[in-house]
Amino acid sequence: MDGGDGKRPVTADNPAPRSAVVVNPAKVTDLDEFRRTVNDALGAAGWPEPVWHETTVEDPGRGQTEEAVRAGAEVVFACGGDGTVMACVTALAGTDTALAVLPQGTGNLLAANLGLSNDLAAGLQVAVERGMRRLDVGVVDDQCFAVMAGMGFDAQMLDSTSETTKKRIGWPAYVVGAAKHLRDRPMRVSIRIDGEPPVRRRARSVLVANVGRLQGGVRLLTDAEPDDGWLDVAVLTPRRVRHWLRMGWALVRRRGSVPGMEVFRARKVEIASNRAQPRQLDGDLIEPGRSLRAEIRPQSLWLCVPRPEQHPDLAVDADAVGERGERLVKKARRE
């Protein structure tokens with residue numbers, strides 16, 4: 001899972017890159033219409049028709065993405081929720097095939113960091129404009145994450161947020177899920193950073209982040225950069241509801257330090273809890289456990305982004321890209 005040779009997969013000298021779409025059919029209302037829109041928009045931009053792969057319950061996207069890479073795809077479009085995107089990230093890490101995100105799930109964490117929401121036109125335009133960043137990824141066991149991993153409250157919130165509520169009201173559904181666990185007792189954790197003596201805390205959540213934006217556009221970690229070779233480890237220690245409220249207000253205002261939050265930096269972090277905890281990778285729940293071990297793999301993933309320059313916020317220029325994407329889709333429909 002180390003980085004590839006650094007060769008950029010899609011450049012101005014390559015006017016017709018080969019692509020593939022890895023789609024979770026359960027996340028798309030009308031798959032035939034969706035396929036026509038994507039094919040027509042890419043055709044209007046001068047791209048050949050992509051090869052389509054559908055995910056299954058048994059394989060949420062990793063095998064399909066690996067097949068696309070073997071067949072010569074230079075860009076893989078991940079279309080689905082967090083699980084689909086994470087599977088594609090895992091398959092593409094260490095290759096020179098780029099990832100583009102076409103969010104269709106009810107809450108896509110990487111798409112939120114790109115400022116794409118569920119905007120299909122913007123996702124297509126980001127790829128067509130060929131803005132590329134070579135990003136770090138985090139690794140937990142044999143899975144990669146592009147945004148963040150965590151154990152404790154953050155995973156509890158995800159587990160308690162219903163799909164029905166997310167479809168009805170969007171990201172605010174996570175607030176409803178979070179409210180159910182504000183009074184839960186903390187876990188006792190031991191956090192070992194890069195092999196140093198462990199730090200012990202009574203924490204509600206420990207997040208290991210490559211990028212710092214949460215659902216709803218809130219930036220939890222303002223200094224987290226996606227290609228600096230470091231993971232930012234946030235330890236959340238609120239005890240009561242009022243502590244959560246103070247923390248939330250500080251995150252929204254973003255002036256100075258955030259009460260109830262410590263931040264460390266690591267290339268490798270080992271977190272151990274006194275009892276089994278819910279865990280998540282990039283917003284997708286994994287098996288609960290008493291430990292979480294993550295490490296950085298620098299410069300491992302080519303990602304299509306609204307702006308390729310070295311800016312910590314991957315969502316810069318996303319609104320303008322969305323407007324250009326709408327024009328691309330309209331052009332394709334006229335043709």
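How many residues in the lining of the largest pocket are nonpolar, how many polar and how many charged? Please bear in mind throughout that the model is predicted.

The lining of the largest pocket comprises 22 nonpolar, six polar and two charged residues. The volume of this pocket is about 880 Å³. In total, 30 residues line the largest pocket, and those nearest its centre are F153, M157, V175, A178 and L214.

Which elements supply the lining of the largest pocket? At least two lining residues come from each of α6 (153-159), α8 (173-179), β10 (205-209) and α9 (241-253). Of the contributors, α9 gives the most to the lining, with seven residues.

Helix α2 covers residues 62-70 and helix α3 covers residues 82-92; their axes come within 8 Å and cross at roughly 40°. At that angle, α2 is therefore oblique to α3. The crossing in which α2 passes α3 is right-handed. On the α2 side, the contact is made by R62, T65, E66 and V69, and on the α3 side by A87, C88, T90, A91 and L92. Sorted by class, this contact of α2 with α3 holds five nonpolar, two polar and two charged residues.

The second pair is α1 and α5. For helix α1 (residues 31-44) and helix α5 (residues 120-129), the axes come within 11 Å and cross at roughly 30°. This crossing of α1 and α5 is also described as right-handed. Here F34, T37, V38, A41 and L42 of α1 meet L120, L124 and V128 of α5. The contact of α1 with α5 has seven nonpolar residues, one polar residue and no charged residues.

Helix α10 spans residues 318-334, and α1 packs with α10 at an angle of about 95°, the axes being 8 Å apart. This angle makes α1 roughly perpendicular to α10, because values from 65 to 115 degrees fall in that class. From α1, the residues T37, D40, A41 and A44 meet L328, V329, K331, A332 and R333 of α10. The residues of this contact of α1 with α10 divide into five nonpolar, one polar and three charged.

Thank you for your attention.

Definitions and conventions: Residues numbered from 1 in each chain as written. Predicted model: local features only at pLDDT ≥ 70, side-chain atom pairs only at ≥ 80, totals over all residues. Heavy atoms only, no water. 1 Å grid on protein atoms, 1.4 Å probe; cavity = no way out; pocket = protein on both sides within 12 Å on 5 of 7 lines; lining within 4 Å. Points joined across faces, edges and corners; volume = space filled by probe spheres on them. Helix = DSSP H or I, 4+ residues; strand = E, 2+ residues; numbered from the N terminus. Nonpolar A, V, L, I, M, F, W, Y, C, P; charged D, E, K, R; others polar. Axes fitted to C-alpha atoms, helices over the stretch in contact; angles between N-to-C directions. Parallel < 35°, antiparallel > 145°, perpendicular 65-115°, else oblique. Left-handed = near helix turned anticlockwise from the far one by under 90°. Contact = heavy atoms within 4.5 Å.
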